[in-house]
Amino acid sequence: HWPGQAVRVYRSYLAVRPGDSDATATLAVALYENHEPEESYATFARAISLDANPDIFALNVARFLLSKNEKSAAETFARRAVVLGPNNGRAHEVLGLVLAAQARLPDAEAALLQALRLEPRLASASQLLENVRTGLRPQP
């Protein structure tokens with residue numbers, strides 16, 4: 001069973017190289033796939049703290065969790081991305097996406113407007129904002 005084996009392999013590797021953010025993130029995915037979500041979230045958080053671009057890392061974690069329909073956890077990581085990169089339009093866009101997926105359309109609209117203030121040419125945020133304003137929720 002691959003997730004359990006991957007967990008063992010990455011834990012062994014990280015015992016020797018604890019500062020490897022990519023390996024830590026891969027361990028987090030393996031933990032998630034091994035039905036250990038709480039430990040997975042904590043491991044993702046550790047990977048974010050190790051990475052050179054923590055805001056981008058956090059927004060990618062949020063996207064991953066949203067793709068797994070883990071909306072609450074995705075929101076936690078999207079908000080972390082915004083805190084870590086307050087001037088990162090993509091972080092605000094991902095927060096808007098997560099909020100829209102939760103049917104929190106006014107909050108999603110505010111996050112998307114901020115994304116577009118920061119990065120006016122962000123076409124994906126513009127399209128999502130249009131969908132939010134017409135009441136359409138994206139599917140994870």
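This tour visits a pair of packed helices and then a single serine in a predicted model.

**First selection: helices α6 and α8**

Begin by selecting residues 89-101, which form helix α6, together with residues 123-133, which form helix α8. Two packed helices are described by the angle between their axes and the distance between the axes. Here the axes of α6 and α8 lie 10 Å apart and meet at an angle of about 30°. Because angles under 35 degrees count as roughly parallel, α6 is roughly parallel to α8. The crossing of these two helices is left-handed.

Next, display the side chains at the contact. From α6, select R90, E93, G96, L97 and A100; from α8, select S124, A125, L128 and V132. What kinds of residue make up the contact of α6 with α8? Five are nonpolar, two are polar and two are charged.

Keep α8 in view and highlight A125, L128, L129 and V132, which are buried. These residues lie on the same side of α8, because they cover an arc of only 105° around the axis.

Then move past the end of α8 to G135, which follows the helix and has a positive phi, near 85°.

Is S40 buried or exposed? S40 counts as buried because its relative accessibility is 0%. Leaving aside residues up to four places away in sequence, S40 touches A28, L31 and Y32.

Notes:
Residues are numbered from 1 along each chain as its sequence is written. This is a predicted model: local features need pLDDT of at least 70, side-chain atom pairs count only at pLDDT 80 or more; totals for chains, interfaces and linings use all residues. Side-chain values use heavy atoms; hydrogens and water are left out. Axes are lines fitted to C-alpha atoms, for helices over the stretch in contact, and angles run from 0 to 180 degrees between N-to-C directions. Helices (H or I, at least four residues) and strands (E, at least two) are DSSP runs, numbered from the N terminus. Angles under 35 degrees count as roughly parallel, over 145 as roughly antiparallel, 65 to 115 as roughly perpendicular and the rest as oblique. A crossing is left-handed if the near helix is turned anticlockwise from the far one by less than a right angle, and right-handed if clockwise. Contact means heavy atoms within 4.5 Å. Ala, Val, Leu, Ile, Met, Phe, Trp, Tyr, Cys and Pro count as nonpolar, Asp, Glu, Lys and Arg as charged, and the others, Gly among them, as polar. Buried means under 20% relative accessible area, exposed over 50%, partly exposed in between (1.4 Å probe, protein chains only). The arc is that of the directions from the helix axis to the C-beta atoms.
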